[in-house]
Amino acid sequence: MPILEERSRPGSASRGDVRDLSLAEAGRARIAWANSYMPVLTQISERFSKSQPLRGVRIGACLHVTTETANLMLALKAGGAQLALCASNPLSTQDDVAAALCEYDIPTFSIKGEDHDTYYRHIESVIATKPQMTMDDGCDLVTTIFTKHSDLLADMIGGCEETTTGVIRLRAMQKEGVLPYPVIAVNNALTKHMFDNRYGTGQSTLDGIIRATNVLLAGRTVVVVGYGWCGRGIASRAAGLGAHVIVTEIDPRKAIEATMDGYRVMSIAQAAKRGDVFVTVTGNYHVIRGEHFAAMKDGAIVCNSGHFNDELDLEAIAKMSVGKNQPRPFVEQFEMKDGRRVCILAQGRLINLAAGEGHPAAVMDMSFANQALAAAYLADQHGELEKNVYDVPLEIDEEVAKLKLQSLGISIDSLTPEQQKYMASWSEGT
C-alpha cells in the first residue's frame with residue numbers, strides 16, 4: 001500500500017503562496033502516483049515515522065516543487081521535521097503539487113512562471129520560518145541567508161545541496177572561508193549523480209525538448225555542450241533516438257571519452273555551424289554566445305538543462321535579433337537580420353522542468369533517499385562537523401543502493417572469507 005494512504009488526510013490549507021489551492025486534489029493524486037515509483041524513500045519514510053530523527057528540526061527547502069519533491073517533504077515531515085518550501089527555479093513548479101503540499105500543512109511558496117522579485121520574496125518567506133537546516137538545489141537559499149540574514153547563522157545545524165551548480169558555489173564559499181555552516185553535497189553521492197544526472201537528466205531533457213517543439217530528433221544533429229554526467233546521459237539518449245551527436249568540451253579527458261563513446265567532438269565555434277538542436281549542461285557562464293548564435297542554421301533550437309539560464313547569452317541574441325515571436329508555449333523564435341530564425345526554449349531555463357515534468361520518480365527515489373538520510377545524519381552529527389562541504393557518508397550511499405536493489409528484486413554476491421583474506425593480502429603473487 002502506498003505510504004500516502006497511511007498518512008492522515010490533508011486538512012485546512014496551511015499558509016503559503018501558491019497559484020490555486022483548488023488544484024490540490026489533482027496534486028495529491030499525482031504525488032501518490034510518483035510515490036508508487038519511490039520504494040526506497042517509502043521505506044525511509046516508514047522508518048522515520050518510528051525513529052523521529054528530525055523531531056523539532058526546522059528545515060527550509062529551496063527545491064524544484066515537483067511530485068518527487070513532495071514525497072521527500074512528506075518523508076521529512078514523517079521524521080518530525082518542521083518544513084517550509086520554495087521553488088529553486090521560476091519555471092520548475094508544478095502548481096497542483098504546490099497546492100497539495102499546503103493542504104498537507106507544509107507551507108509552500110511557489111508559483112510556476114513567477115518573476116524574479118516573487119522568486120526571491122518566496123525565498124524570504126522560507127527564511128522567515130527561521131530554519132535550522134537548509135535543503136538547496138542551486139545554493140540560492142544558503143547565499144541569501146549568508147548575505148542578508150546572518151543573525152540566523154548561530155542556530156544553523158547545516159545544509160544539503162542537490163545539484164552540481166550548487167556544490168560549485170558552496171566550494172567557492174569554502175575556499176574563500178565564508179561557508180557559514182557544514183553542507184553535505186548530496187549531488188556527489190554515487191547513487192545520486194551517476195543515476196539522477198545521467199539517466200534522469202538524459203531522459204527528462206529530451207522529453208522537455210520534444211514536448212516544447214515536437215521536433216523529430218532522428219536524423220538531426222544534436223550538440224551537447226559539456227560531457228559531465230548530465231551530458232553523457234543526454235548524448236546517449238539522443239543517439240538512441242537516432243540523432244547525430246556532437247559533443248563540445250573544455251576538459252581534454254572528457255573530450256577523449258566522448259570520442260571513444262562514438263560522438264564527434266569539436267569546439268562550440270565549429271559545432272554552432274552544424275547543429276540543429278543545442279543543449280547546454282556545463283554549469284558555467286555564457287557557453288553559447290553571440291558569435292555562436294550568428295553562425296547557427298536557420299531554425300536552430302537552443303536550450304539549457306543546467307541549473308541557471310546564464311549558460312546562454314540571452315542578452316546577446318536579443319540585441320542581434322530584429323524581431324521575436326512565440327509560435328508555441330516555451331518557444332521564443334528570434335529573427336535575425338539575414339532572415340534566419342533561432343529558437344530559445346523556456347527562456348533558457350531548465351528545459352526538463354520548465355517544459356516537462358523533470359526526472360522520473362524512479363531515479364529521484366535514490367536522490368531524495370540520500371537527501372532524507374543526509375538530513376538525519378546532520379541532525380545527529382552536526383556537532384562534530386566543521387564549516388566545510390562534505391560528501392555523503394559512504395554508508396548512506398551504499399544503503400541507498402542496497403535498498404534500491406532490494407526493491408527491484410535483485411540480489412548480488414558477497415565476498416567469501418577466503419576472498420576477503422586474499423584482498424587484504426600482499427603475499428600472493430604470480
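## Basis of the model

This is a predicted model, in which local features need pLDDT of at least 70 and side-chain atom pairs count only at pLDDT 80 or more, while totals for chains, interfaces and linings use all residues. Residues are numbered from 1 along each chain as its sequence is written, and side-chain values use heavy atoms, with hydrogens and water left out.

Helices (H or I, at least four residues) and strands (E, at least two) are DSSP runs numbered from the N terminus, and two strands pair if DSSP finds at least two bridges between them.

## The parallel sheet

Seven strands make up an open sheet with parallel pairing, in the order E3-E2-E1-E4-E5-E6-E15. Strand E3 (108-109) and strand E15 (389-391) lie at its edges, and because each has a single partner strand, one side of each is left without a neighbour in the sheet.

Within this sheet, strand E5 (residues 158-161) and strand E6 (residues 183-185) are paired in the parallel sense over three bridges, and Gly 159 has Val 183 in E6 as its bridge partner. Helix H6 (residues 140-148) packs on the sheet, where it touches strand E1 (58-63) and strand E4 (133-136), and the direction of H6 makes about 135 degrees with that of E4. Contact here means heavy atoms within 4.5 Å, and axes are lines fitted to C-alpha atoms, for helices over the stretch in contact, with angles running from 0 to 180 degrees between N-to-C directions.

## The mixed sheet

An open sheet of eight strands has mixed pairing and the order E9-E8-E7-E10-E11-E14-E13-E12. Its edges are strand E9 (264-265) and strand E12 (321-328), each with a single partner strand, so one side of each is left without a neighbour in the sheet.

Strand E11 (residues 300-304) pairs with strand E14 (residues 341-345) in the parallel sense over three bridges, and Val 302 stands opposite Ile 344 in E14. By contrast in direction, E12 and strand E13 (residues 331-336) run antiparallel and are joined by five bridges, with Arg 328 opposite Val 331 in E13. The hairpin of E12 and E13 has two residues between the strands, and in it Phe 330 takes a positive phi near 70 degrees.

## Helix contacts

Helix H2 (residues 39-51) packs with H15 at an angle of about 25 degrees, their axes being 8 Å apart. That makes H2 roughly parallel to H15, a description used for angles under 35 degrees. Among the residues that meet are Ile 44 and Phe 48 in H2 and Phe 368 and Leu 373 in H15. The residues of this contact divide into ten nonpolar, no polar and two charged, where Ala, Val, Leu, Ile, Met, Phe, Trp, Tyr, Cys and Pro count as nonpolar, Asp, Glu, Lys and Arg as charged, and the others, Gly among them, as polar.

Helix H1 (residues 24-35) and H3 pack at about 80 degrees, with their axes 8 Å apart, and are therefore roughly perpendicular to each other, a term that covers 65 to 115 degrees.

## The largest pocket

The largest pocket holds about 1100 Å³ of space. A pocket is, on a 1 Å grid over the protein atoms alone, an open set of points where a 1.4 Å probe fits, with protein on both sides within 12 Å along at least five of seven lines, and lining residues have an atom within 4 Å of a point; a volume is the space filled by probe spheres set on the points, which are joined across faces, edges and corners.

Of the 50 lining residues, Thr 164, Cys 230, Val 281, Thr 282 and Gly 283 are the closest to the centre of the pocket. H8 gives the most to the lining, with five residues.

How values were computed
Parallel < 35°, antiparallel > 145°, perpendicular 65-115°, else oblique.
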